Amino acid sequence: MPLSVAAREAFLAEPHIASLAVEAGDGRAPLIVPVWYDYVPGGEIRFLTDGDSRKAKLIAKATRFSMLVQRVSPTYRYVSVEGPVVHSGPTTLGDLTRISSRYLPPDAVEGYVQGSDLHVLMTFRMRPEHWLSADLGALG
């Protein structure tokens with residue numbers, strides 16, 4: 001059963017590891033990689049990556065990408081979202097801190113941020129345009 005708008009946005013706002021997919025071109029299947037991200041219901045999705053990475057170059061060329069987040073328990077649920085890149089630019093200290101804080105224990109965030117090279121990181125923001133979602137209930 002598809003999730004309501006509020007439920008799908010709330011689920012996407014949880015700190016899942018996302019599978020990001022972007023067109024790879026040249027007769028290849030899309031590139032799919034795991035990423036940390038940030039999302040507030042009704043807003044844009046943000047994630048960061050090395051600006052020289054294959055992922056960053058493909059997203060810059062395609063100008064859009066998809067993300068999938070899912071869980072397997074207590075019920076199987078997923079949200080998939082696709083849309084255009086609305087901004088890309090150097091990662092700020094705030095971006096890095098906010099995103100890493102979603103995934104790391106509080107006492108590990110400062111060390112992670114200090115050990116990261118902001119000069120090579122790029123932040124992408126995507127405006128969700130197309131959504132798919134479902135909660136399939138208890139499996140088994």
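Start by selecting threonine 63, which sits in the loop between α2 (54-62) and β4. You're looking at a predicted model, by the way. Check the backbone here: phi of threonine 63 is near 65°, a positive value in a residue other than glycine. With a relative accessible area of 44%, threonine 63 is partly exposed.

Next, jump to aspartate 26, in the loop between β1 (18-22) and β2. Here too phi is positive in a residue that isn't glycine, this time near 50°. Aspartate 26 counts as exposed, at 78% relative accessibility.

One more backbone stop: pick serine 73 and proline 74. The peptide bond from serine 73 to proline 74 is cis, with omega near 5°. Proline 74 belongs to the loop between β4 and β5, and its relative accessible area of 70% makes it exposed. Along the chain they are 63 residues apart, yet the C-alpha to C-alpha distance is 8.2 Å.

Now for the helices. Show α1 (residues 5-13) and colour its buried residues: Arg8, Glu9, Phe11, Leu12 and Ala13. Note that an arginine and a glutamate are on that list. To see what lies over them, bring up β3, β4 (64-71), β5 (77-90), α3 and β7, which are among the elements covering the buried residues of α1.

Two numbers sum up a helix pair: the angle between the axes and the distance between them. For α3 and α4 the angle is about 140° and the axes are 10 Å apart. That makes α3 oblique to α4; the cut-off for roughly antiparallel is over 145 degrees. The crossing of α3 and α4 is right-handed.

From α3, select Leu93, Leu96, Thr97, Ser100 and Ser101; from α4, select Val109, Tyr112 and Val113. By class, the contact of α3 with α4 has five nonpolar, three polar and no charged residues.

How many aromatic pairs does a search of the whole structure find? Six. One of them joins tryptophan 36 and tyrosine 112, with ring centres 5.5 Å apart and planes at 45°, a tilted arrangement. Tryptophan 36 comes from the loop between β2 (31-35) and β3 (45-50), while tyrosine 112 is in helix α4, so the pair ties together parts 76 residues apart in sequence.

Hop over to tyrosine 39 and tryptophan 131 for another ring pair. Their centres are 6.4 Å apart and their planes at 65°, so this one is edge-to-face. Tyrosine 39 lies in the loop between β2 and β3 and tryptophan 131 in strand β7 (residues 130-135), so the pair bridges parts that are 92 residues apart in sequence. Are these two residues buried or exposed? Tyrosine 39 is buried, and so is tryptophan 131.

Ring pairs link Trp36, Tyr103 and Tyr112 into a cluster.

Conventions. Residues are numbered from 1 along each chain as its sequence is written. This is a predicted model: local features need pLDDT of at least 70, side-chain atom pairs count only at pLDDT 80 or more; totals for chains, interfaces and linings use all residues. Side-chain values use heavy atoms; hydrogens and water are left out. Axes are lines fitted to C-alpha atoms, for helices over the stretch in contact, and angles run from 0 to 180 degrees between N-to-C directions. Helices (H or I, at least four residues) and strands (E, at least two) are DSSP runs, numbered from the N terminus. Angles under 35 degrees count as roughly parallel, over 145 as roughly antiparallel, 65 to 115 as roughly perpendicular and the rest as oblique. A crossing is left-handed if the near helix is turned anticlockwise from the far one by less than a right angle, and right-handed if clockwise. Contact means heavy atoms within 4.5 Å. Ala, Val, Leu, Ile, Met, Phe, Trp, Tyr, Cys and Pro count as nonpolar, Asp, Glu, Lys and Arg as charged, and the others, Gly among them, as polar. Rings of Phe, Tyr and Trp (its six-membered ring) pair if their centres lie within 6.5 Å; planes under 30 degrees apart count as stacked, over 60 as edge-to-face and the rest as tilted. Buried means under 20% relative accessible area, exposed over 50%, partly exposed in between (1.4 Å probe, protein chains only).
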